[in-house]
Amino acid sequence: MLDTEKRIINTDQIEAYLDTFTMITLVIFTEVSREAHFYVTDNEKVYPLKKISEQRLEDRLLFHMVLDQKIPLYRDYWVVCPDGSRIPLKTGAVVRTKEFDELFAYDKCDLGAAYSPERTIFKLWAPTASSVRLKLFTSSSTAFEYPMNREEKGVWSAELEGDHHLHEYTFLVRVNHSVNEAVDPYAKGVTVNGTRGVIVDMDKTHPPGWAETAMLPPIKKTDSLIYEVHVRDFSIHPLSGIHYKGKFMGFTESGTTGSGPFSTGLDYLSSLGITHVQILPVNDYGSIDELKADTEYNWGYDPLHFNVPEGSYATDPTDPVTRIREFKTLIAALHNKGLRVIMDVVYNHVFIRETSDFEKIVPGYYFRFDYGGNPVNGTGVGNDTASERYMMRKFMLDSVLYWKSEYQVDGFRFDLMGIHDIDTMNLLFTKLSSEDPSIFLLGEGWKMDTWLDEDQKACIDSAVRMPGISFFNDRFRDHVKGNIFNEAQGGFINGNAAMLGGLFENVSGNSGDHGLFKTPGQSINYIECHDNHTLWDRLKILHPQEDESVLRRRHLLGTALALFSQGVPFIHAGQEFFRTKQGDGNSYRSGDLINRLDWERRSKFAADVQYVQELIRIRQRHPAFRMDHPADIAAHVSLLGELPDGVFGVILKSVEEMDTWQDIVLLFNGHLEEKNVSLPEPEKWRVIAEDMEVKEDGLYETEAGKLLLPPLGFTMAVQHSL
């Protein structure tokens with residue numbers, strides 16, 4: 001007995017965790033007498049422990065023990081062993097209990113550093129901390145520490161008189177017997193590479209004319225057309241004609257051209273006819289050294305600070321104001337061109353969980369863990385955040401509301417949204433839409449393998465329970481271009497007639513009583529995005545021997561399907577000029593040569609770009625392609641029957657009450673051969689699009705009752721209303 005107890009003295013062989021307000025688990029890596037007695041102390045009181053069960057694992061023994069009373073969490077405690085040695089008691093699963101959430105849920109919107117010229121008030125939520133100190137830097141090397149006061153719901157506060165604009169700060173949080181230096185999760189400004197928070201007078205971050213920036217009128221989701229682009233990709237090409245290459249400011253330059261007479265940059269975006277520019281993550285992320293921004297590359301899906309723009313996109317990453325002002329300048333430039341901005345946000349994980357400020361401040365709370373205490377990894381990057389917990393949900397809500405109010409963004413695209421829970425996503429929409437009824441929320445609704453009940457996951461199968469959220473429609477994508485997880489399986493545009501069966505369901509919006517969505521505006525119709533191969537590269541894999549002219553026809557056929565399906569079209573930057581990443585299917589860190597938007601291709605394929613522009617204009621001018629209610633689609637959109645093999649067709653019939661056209665026939669030939677098709681009525685039809693040509697007033701008229709469809713071609717024919 002005595003020898004066993006001596007072995008317990010080695011604190012490296014025993015760990016103690018508070019799992020609920022009364023339960024403690026001892027994790028023991030050596031032999032211990034089953035009769036050994038332990039108790040808890042805070043150096044003032046003694047709390048006896050009673051063992052209720054034990055569990056033998058391969059390399060450890062677990063003692064599950066209970067206290068006879070609850071203990072406050074904001075003190076340092078030790079478990080005292082039978083021989084008098086002490087082991088630090090750390091907060092464990094207790095922070096992930098419902099009781100903890102209810103006890104420490106904080107409702108006020110005042111976390112972070114609230115600046116005024118007279119004083120700054122600091123507030124930090126850290127309910128398990130035994131003390132918190134504010135560390136304020138009056139210069140890069142001079143710091144002063146101030147004790148913070150514990151207030152309601154585990155919030156710590158401090159108030160400093162005077163003007164502290166641009167002073168740097170961190171929090172010194174004593175938790176689990178250690179002091180962690182953490183950056184404020186609510187920081188509005190940071191130093192280069194995010195090592196410290198920075199107090200910022202946000203009034204000094206507004207660019208000239210910010211107050212007069214155009215407030216764009218609200219539009220329906222189905223009136224929208226989204227264009228996705230990465231900040232660096234957009235302008236970094238040597239022939240982009242843009243001065244601020246790779247920077248936020250690259251989006252603000254007008255009058256730029258490439259190697260030929262064709263516009264690039266902002267003017268090009270404005271000419272396309274799109275309504276929303278969706279930008280890959282622009283909040284501060286961890287994979288780039290901001291002092292080496294010109295030589296490093298990443299998409300940015302590794303968030304570090306959620307409420308601060310990324311410094312590598314700023315002209316001076318060492319100036320906390322510059323990155324803020326320049327991102328606002330980008331937004332103002334797009335708004336003044338009539339373009340709305342959607343931010344790609346990544347709340348589902350952090351860059352590195354173990355060193356994240358969340359984990360330093362409230363260990364174990366913001367992330368999901370399995371029953372064994374292991375971090376869940378549904379995201380594939382080592383951690384999943386727990387949106388179902390009150391303060392993580394609040395953080396997400398506070399964050400999006402901040403971007404909306406301070407930066408005037410128009411929407412949010414949620415990365416791996418299936419990691420989040422339905423209640424959180426609905427709450428975000430409710431709060432945001434109360435401020436901006438036309439706010440656009442969309443996300444990746446994949447079903448993720450995370451520690452959340454299946455019926456709580458914000459995935460596409462639950463879209464009808466989230467009517468305010470739109471989803472990337474992978475069904476549409478797979479039917480048109482093929483399964484992205486099976487390179488051998490092509491879609492309709494690759495000649496796979498097996499895809500015809502489900503194509504109409506997706507082209508008609510897949511909404512209503514028996515649809516995947518409640519409304520067609522929930523369907524993001526896309527065939528290419530930043531993930532996976534570009535469509536051009538995938539076509540070259542599937543058809544390695546085909547001539548470029550044939551690949552172009554396949555490509556444009558897919559784009560026409562995306563543009564004229566009910567729902568919301570989505571275009572990946574450069575898709576309209578056959579963007580290639582040289583076969584790289586996961587280019588998140590592959591560098592500029594692979595990822596840059598090649599403005600020379602814009603010139604090379606100028607005719608194809610113009611064709612897509614004309615298709616977009618027709619969509620935007622004709623409401624029949626933008627129906628908002630499933631009942632209207634059911635009444636007016638139907639599948640054309642008796643078509644040749646490999647041909648897909650729909651008719652929009654009797655739409656004259658909503659459109660200047662009466663009947664519209666859309667025909668898509670997925671074959672390499674011409675096909676004869678009978679028109680539904682033997683009357684005069686005006687052909688609007690055919691053989692990669694398009695003209696809204698019509699290419700020609702016919703009363704023949706038949707059309708000869710070009711190979712791999714899109715054809716549109718209409719009858720005008722009387």
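Guide: A residue is called buried when its relative accessible area is under 20%, exposed when it is over 50%, and partly exposed in between. Please keep in mind that this is a predicted model. With those cut-offs, methionine 692 counts as partly exposed, because its relative accessible area is 26%. Methionine 692 sits in the loop between strand E32 (685–690) and strand E33 (693–694), and although it is not a glycine, it has a positive phi of about 60°.

Visitor: Which residues of helix H10 are buried, and where do they lie around the axis?

Guide: In helix H10 (residues 500–507), the buried residues are Gly502, Leu503, Asn506 and Val507. They lie on the same side of H10, because the arc they cover around the axis is only 140°. Among the elements that cover these buried residues are helix H9 (474–481), helix H12 (548–563) and strand E29 (647–652).

Visitor: How should I read the charged pairs, and how many salt bridges are there?

Guide: Side chains of opposite charge can pair when their charged atoms come close. The criterion used here is a side-chain nitrogen of Lys or Arg within 4 Å of a carboxyl oxygen of Asp or Glu, and by this rule the model has 46 salt bridges. One of them joins lysine 51 and glutamate 54, with an N to O distance of 3.0 Å; lysine 51 is partly exposed at 27% relative accessibility, and glutamate 54 is partly exposed at 34%.

Visitor: Which salt bridges link distant parts of the chain?

Guide: One of these pairs is glutamate 152 with lysine 108, for which the N to O distance is 2.9 Å. Glutamate 152 belongs to the loop between strand E12 (149–150) and strand E13 (155–161), while lysine 108 belongs to the loop between helix H2 (98–104) and strand E8 (112–115), and the two are 44 residues apart. Glutamate 152 is partly exposed, with a relative accessible area of 42%, and lysine 108 is partly exposed at 43%.

A further pair is lysine 328 with glutamate 406, whose closest N and O atoms are 2.5 Å apart. This pair connects helix H5 (residues 320–336), which holds lysine 328, to helix H7 (residues 390–407), which holds glutamate 406, across 78 residues. Lysine 328 counts as buried because its relative accessibility is 0%, and glutamate 406 is buried as well, with a relative accessible area of 16%. Salt bridges can also share partners, and in this way Lys447, Glu454, Lys457, Asp461, Asp474 and Arg475 are joined into one network.

Visitor: What does the largest nonpolar core look like, and which residues have the most contacts inside it?

Guide: The largest nonpolar core has 179 residues, and those with the most contacts inside it are Phe38, Trp125, Phe412, Phe714 and Met716. Its largest share, 10 residues, comes from H7. Apart from this core lies another, of 13 residues, including Leu643, Ile651, Trp685 and Leu707. Beyond four places in sequence, phenylalanine 412 touches residues including Ile342, Val400, Trp403, Leu432 and Phe440.

Visitor: What is in contact with glutamine 408?

Guide: Glutamine 408 is found in the loop between H7 and strand E23 (411–414), and it is partly exposed at 24% relative accessibility. Setting aside neighbours within four places in sequence, glutamine 408 is in contact with Trp210, Met215, Ile331, His335 and Trp403.

Visitor: Which residues form a nonpolar patch on the surface?

Guide: Leu304, Phe351 and Ile352 form such a patch, with about 210 Å² of accessible area together. Isoleucine 352 lies in the loop between strand E22 (340–345) and helix H6 (357–361), and it counts as partly exposed because its relative accessibility is 38%.

Note on methods. Residues numbered from 1 in each chain as written. Predicted model: local features only at pLDDT ≥ 70, side-chain atom pairs only at ≥ 80, totals over all residues. Heavy atoms only, no water. Buried < 20%, exposed > 50% of the residue type's maximum accessible area, 1.4 Å probe, protein only. Helix = DSSP H or I, 4+ residues; strand = E, 2+ residues; numbered from the N terminus. Core = buried A, V, L, I, M, F, W, Y, C linked by side-chain atoms within 4.5 Å. Contact = heavy atoms within 4.5 Å. Patch = residues over 30% accessible without salt bridge, like charges linked within 9 Å, V, L, I, M, F, W, Y side chains within 5 Å. Areas by Shrake-Rupley, 256 points an atom, 1.4 Å probe, with all protein chains shown as cover. Arc of directions from axis to C-beta.
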